[in-house]
Amino acid sequence: MLEEWLLLAHVIGATVLFGTGAGIAFFMVMAHRTRDPALIAHVAGTVVIADTVFTATAAILQPVTGYLLARMIGWDLSEGWIALSLLLYVVTGLFWLPVVWIQIRLRDLARAAAASTNALPPAYFRLYRVWFAFGFPAFSAVIGIFWLMLTKPSIALF
């Protein structure tokens with residue numbers, strides 16, 4: 001029974017990570033397209049909160065539930081598909097952590113532009129391009145993790 005609850009928690013955590021990431025990306029892109037500093041500041045502010053409340057919480061719980069499940073089922077963490085999943089999880093985190101900082105910076109730059117009734121500064125657009133580019137490897141890694149978790153392929157690492 002505990003195994004089923006852990007599996008449910010693990011799947012919900014994966015869903016929250018992917019769903020929140022996709023939602024954040026969608027709303028940030030749509031706000032950016034308006035070029036309206038006040039709207040971008042508002043959306044980016046909400047995005048920062050969502051990343052803190054949902055993404056960070058799920059990102060912490062995922063390895064915990066995954067470890068407990070593997071231990072309960074009897075899987076060794078050095079099994080190829082698990083080790084590769086963990087590597088991809090680290091890759092995702094390496095792209096996500098700078099994105100959080102970038103979102104805070106984008107929010108602050110948009111707030112300053114809105115408060116001064118100026119256009120968005122060039123620094124905003126440079127950071128936005130990095131934010132946008134970092135989404136592709138992060139999402140690709142998460143999709144790879146989903147595939148590995150669902151198929152559990154036999155992968156020899158050494």
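I call a residue buried under 20% relative accessible area, exposed over 50%, and partly exposed in between (1.4 Å probe, protein chains only). This is a predicted model, where local features need pLDDT of at least 70 and side-chain atom pairs pLDDT 80 or more, while totals for chains, interfaces and linings use all residues. Residues are numbered from 1 along each chain as its sequence is written, and side-chain values use heavy atoms, without hydrogens and water.

**Entry: Leu2 and helix α1**

I looked up Leu2 in helix α1. Helices are DSSP runs (H or I, at least four residues), numbered from the N terminus. Leu2 has 53% relative accessibility, so I noted Leu2 as exposed.

I then checked the length of α1. Its 33 residues should span 48 Å at 1.5 Å a residue, and the end C-alpha atoms are 48 Å apart, which agrees. The expected span is 1.5 Å times one less than the number of residues.

Next I listed buried residues of α1, among them Leu6, His10, Gly13, Leu17 and Ile24. Their cover includes α2, α3 (80-116) and α4 (122-151). After α1 comes Arg35, with a positive phi near 60°.

**Entry: Phe54**

Is Phe54 buried or partly exposed? I found Phe54 in helix α2. Its relative accessible area is 46%, so Phe54 is partly exposed.

I looked for its contacts (heavy atoms within 4.5 Å). Phe54 touches Val16 and Thr20, leaving aside residues up to four places away in sequence. I also took the C-alpha separation of Phe54 and Leu68: 21 Å, at 14 residues apart along the chain.

Key. Helix = DSSP H or I, 4+ residues; strand = E, 2+ residues; numbered from the N terminus.
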